[in-house]
Amino acid sequence: MTGDANPFESLQEQLDDAAEHIEIGSDVLERLKNPERVLETNLSVELDDGSVGVFRAYRSQFNGDRGPYKGGIRYHPAVTRDEVKALSGWMVYKCAVVDIPYGGGKGGIVIDPREYSEAELERITRAFAVELRPLIGEDRDIPAPDVNTGQREMNWIKDPYETLENTTEPGVITGKAIESGGSRGRVEATGRSTMLTAREAFKYLNKDIEGASVAVQGYGNAGSIAARLLASELGAKIVAVSDSSGGIYNPDGLDPEAVREFKNETGTVSDYENATEELTNEELLTLDVDLLVPAALENAIDGELANEVKADIIAEAANGPLTPEADDVLADRDVFVIPDILANAGGVTVSYFEWVQNRQRFYWTEDRVNEELERHIVDAFDGLIDQYESLDLPTFRTAAYVVAIQRVLSAYEEGGSWP
Ligand code: NAD
């Protein structure tokens, strides 16, 4: 990552910027800028060699005015309390942008999962589930996957929760395997909303996405699926992709599925045979492409690097990939940024569908999931364009926060004060 901005301060700055365009008192704004509560715990777990590992873990419940807290759990050595707080806040406004009945939460464990065996990771996850148990529940707080977690970890949380609660409650967690109550289309959902929002942005700007060149930073769940769908459904040309070990480039286009298979086999995209050049991540972010998709972690682009960005459109598949300075620079340079709270909202939207299916114990086809997702994302995009134009807002991100803050504010005001 190039920037070292504190993500929680970035979130608060984004909210302050949007609040200038809304009638909101500084007292209520303060409430909307801070989490309601944060769990900080130290998980003590026996490792395979008999020693005890101690792992710092967090769960932030940012705001529950519109429904249960909702948000993923991240395993990464750089997880901090402020990062988890920021990510939980972004969830509040993301759920509000796509108008699904959730608040926002997020969790994380400070760990590099590559250094632990599967059995150790299972014990660590189950220990976290026990700590989370009093806080979570299908009407309280519903975790989901994030960086370095997936269906496996979700099932490791669901199982102890249901055992200890002596119930079956698959809706306590989303992102589960299909056989455990997961939804069709959930694995693809974040990449799919990134693709859909890019399609709408190109249309809005009267640009042709077929044949458009695309660079994708981060080739995990969000990035690799966005790349595949941009190519297969819209005919875009993926010219560069990267992961934490570096990037690859081919001006004639890479086959996103073949790169994904190569990464699955070797653990990295580097050395992929059909690339013409290797790139650093900074080189990838500053390539002369039509669309840039940052899909790794926060602060990928800081103010300095933003001056070098040559893409016309950025679709933020990752959460918080631009520092506030980068955002200002790109706005001055008329780069159209599709904000994270819309571009990657497909993940939480299909999590919502999963939760609805769990509660009804009635499961949808993949086509129905994808149709409902497209409707939510396109409606949200159109609603933001409406505010962006009618209020003459400085950026599309500001429009997203204006819409989202107003929805959270209405729910808070309609609820009244108690006690
Ligand atoms: P993932 O663990 O599947 O993939 C992350 C990828 O980023 C990996 O390929 C990793 O190698 C790469 N990466 C890490 N550091 C990098 C660096 N410095 N430069 C380049 N690449 C780097 O995670 P994911 O689920 O795809 O999440 C990626 C981003 O998308 C995160 O910001 C996450 O919060 C966001 N997101 C994910 C979902 C989801 O449903 N998975 C939903 C919403 C938002």
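Residues are numbered from 1 along each chain as its sequence is written, and side-chain values use heavy atoms, with hydrogens and water left out. In this predicted model, local features need pLDDT of at least 70 and side-chain atom pairs count only at pLDDT 80 or more, while totals for chains, interfaces and linings use all residues.

**View 1. The two domains of the protein chain.** Domain 1 covers 35-175 and domain 2 covers 189-343; these bounds come from an automatic or database domain assignment. Their C-alpha centres are 28 Å apart.

**View 2. The area buried between domain 1 and domain 2.** About 820 Å² is buried, 62% of it on carbon and sulfur atoms. Buried area is the accessible area (1.4 Å probe) lost by two parts on being put together, summed over both. Trp90, Lys94 and Val97 supply 53% of what domain 1 buries against domain 2, more than any other three residues.

**View 3. The salt bridge between Glu298 and Arg74.** The side chains meet at 2.7 Å, N to O. A salt bridge here is a side-chain nitrogen of Lys or Arg within 4 Å of a carboxyl oxygen of Asp or Glu. Between the two domains the count is 1 salt bridge.

**View 4. The side of domain 1 that touches domain 2.** Strand E3 (69-76) and helix H3 (81-97) each give two or more residues to this side; helices (H or I, at least four residues) and strands (E, at least two) are DSSP runs, numbered from the N terminus. H3 gives the most, with 6 residues. In all, 12 residues of domain 1 contact 7 residues of domain 2, where contact means heavy atoms within 4.5 Å.
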